[in-house]
Amino acid sequence: MSTKPSADGAREHGGNNPGTRRLPHIDGLRGIAIVAVVLWHYFATRAPTLAGTWQSTLKHLLLMSWSGVDLFFVISGFLITGILYDELGATNYFRTFYIRRAARILPLYLALMGTYVLFLHVPYFQQRQFSALFNPRLPLWSYATFTQNIMMGVRQIFGGNWVNVTWSLGPEEQFYAVVPCLIFLGGRKLLPFCLAIFLILAPTLRFVSPGFHTLCNTLWRADGLAAGAALAWLMRRPGWFESVSRHRIWLFGLFGLLLFGMGLMNQSKDILGPFGTTVVAAFYTASLLVTLLETQSITRRILSWRPLVWIGRRSYGIYLIHMPVYGLTFGFIAMSAIVHSNPQPSHRDRQSIVH
């Protein structure tokens with residue numbers, strides 16, 4: 001950091017329950033994540049591919065915008081693990097955590113699902129131009145139990161566009177179910193070993209068991225959540241943040257190497273094979289750490305820009321509704337159904353499917 005890195009780092013992310021208060025630059029990262037996701041769905045998967053056009057050029061520049069959801073995973077893993085560490089030992093450890101998670105997640109999620117079920121029974125929305133919003137369908141119980149990502153992997157579909165983005169809530173909710181118990185039962189010693197297993201297991205599974213399910217099943221997509229959680233654990237190791245700050249040249253070197261890997265993926269989607277998602281998770285984790293180190297940098301000021309922070313603080317709601325809004329608008333104005341497109345590039349899976 002520019003001044004007193006250890007003190008600033010401790011105040012922000014070490015022991016004073018930082019996860020319970022909002023940090024503008026973290027919200028700014030959320031803002032970037034949701035803008036990337038919206039650009040992927042609204043433009044990158046729909047723009048013409050005719051070579052030489054500005055649309056084609058812009059589409060090529062946005063080919064990695066699918067990874068916005070991985071940035072969400074990294075941020076979530078980092079913040080949630082930090083909260084759990086700081087609350088460990090509290091008498092209401094589990095109750096407080098799950099009440100807060102439910103209060104944040106359930107109201108908007110139930111509203112999304114409620115409107116989905118309601119519109120399913122409105123004859124007007126059964127017309128062809130709205131078909132992609134509701135079809136193909138998955139069992140409602142899978143959405144009620146946050147296991148839709150598992151069902152999507154089994155059936156090899158993401159379901160109707162109204163609720164297809166909820167696949168990412170599955171890994172997060174399953175993460176929330178496991179990590180609090182790991183920290184509670186193993187204290188602060190068990191978690192790093194479990195996270196290391198997740199980080200190794202995810203690319204291994206993508207290599208030995210490729211297929212559609214690699215897009216959405218939790219163990220195949222554990223890189224981002226585990227990487228963010230690992231950073232939260234490291235930030236609370238005595239002296240670790242100060243050491244990284246003193247030797248930040250190595251961090252910047254790693255960041256540059258990971259950025260190069262992201263550039264390679266933008267040029268050739270399969271070049272890193274099953275390790276591509278791991279590189280993405282590592283890049284976003286390194287990016288998060290750099291923003292924590294450089295308190296006076298232009299990057300921190302950009303991330304703390306009020307419009308970006310405003311978007312970031314509403315990113316969950318925007319994420320849930322952006323596909324229904326797009327599908328309804330497209331149906332009303334163009335009077336035709338939007339086509340399905342792939343949620344993200346995946347090792348050995350490049351079909352056109354929406355997530």
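Gln156 sits in the loop between helix 8 and helix 9 (169-186); helices here are DSSP runs of H or I with at least four residues, strands are E runs of at least two, and both are numbered from the N terminus. Its phi is near 60 degrees, which is a positive value in a residue other than glycine. Gln156 counts as exposed because its relative accessibility is 52% (exposed means over 50% relative accessible area, buried under 20%, partly exposed in between, with a 1.4 Å probe and protein chains only). This is a predicted model, where local features need pLDDT of at least 70 and side-chain atom pairs count only at pLDDT 80 or more, while totals for chains, interfaces and linings use all residues. Residues are numbered from 1 along each chain as its sequence is written, and side-chain values use heavy atoms, with hydrogens and water left out.

Phe146 also has a positive phi, about 55 degrees, although it is not a glycine. Phe146 belongs to the loop between helix 7 and helix 8 (148-155). With a relative accessible area of 12%, Phe146 is buried.

## A cis peptide bond

If you're checking omegas, look at the step from Asn135 to Pro136: that peptide bond is cis, with omega near -5 degrees. Pro136 is in the loop between helix 6 (131-134) and helix 7 (140-144).

## The chain as a whole

The secondary structure tally is 17 helices and zero strands. Out of 355 residues in the chain, 55% are buried. Take contacts (heavy atoms within 4.5 Å) between residues at least 6 apart in sequence: 73% of them join residues at least 24 apart. The chain exposes about 15,900 Å², and carbon and sulfur atoms supply 69% of that; accessible areas come from the Shrake-Rupley method with a 1.4 Å probe, and for residues only the protein chains shown count as cover.

## Salt bridges

The salt-bridge count comes to seven, where a salt bridge is a side-chain nitrogen of Lys or Arg within 4 Å of a carboxyl oxygen of Asp or Glu. One of them joins Arg313 and Asp27, with the closest N and O atoms 2.8 Å apart. This pair links distant parts of the chain: Arg313 is in helix 16 (residues 306-313) and Asp27 in helix 2 (residues 24-44), 286 residues apart. Arg313 counts as partly exposed, because its relative accessibility is 40%, whereas Asp27 is buried at 0% relative accessible area. Asp27, Arg30 and Arg313 are linked in a network of salt bridges.

Another bridge pairs Arg248 with Glu294, with the closest N and O atoms 2.3 Å apart. Here too the pair links distant parts of the chain, with Arg248 in helix 13 (residues 248-267) and Glu294 in the loop between helix 14 and helix 15 (298-303), 46 residues apart. Arg248 and Glu294 are both buried.

## Around Thr277

Asp223 and Arg206 also meet through their side chains in a salt bridge, at 2.9 Å from N to O. The two partners come from distant parts of the chain, Asp223 from helix 11 (residues 223-235) and Arg206 from helix 10 (residues 190-208), 17 residues apart. Asp223 and Arg206 are both buried.

Thr277 touches both of these residues, and Asp70 and Arg221 as well, not counting residues up to four places away in sequence. Thr277 belongs to helix 14 (residues 276-293) and counts as buried, because its relative accessibility is 10%.

## His322 and its partners

His322 is in helix 17 (residues 315-334). At 3% relative accessibility, His322 counts as buried. The side chains of His322 and His41 are joined by a polar contact of 2.8 Å; a polar contact is a pair of N or O atoms within 3.5 Å, and within protein one must be able to donate a hydrogen and the other to accept it, with residues adjacent in sequence counting only if both atoms are side-chain atoms. Apart from neighbours within four places in sequence, His322 is in contact with Val37, Val38, His41, Tyr42 and Val165.

## A nonpolar surface patch

Trp54, Leu58 and Leu61 form a nonpolar patch on the surface, with about 350 Å² of accessible area together. Patches are made of residues with over 30% relative accessible area and no salt bridge, joining like charges within 9 Å and nonpolar side chains (Val, Leu, Ile, Met, Phe, Trp, Tyr) within 5 Å. Trp54 lies in helix 3 (residues 54-61), and Trp54 counts as exposed because its relative accessibility is 57%.
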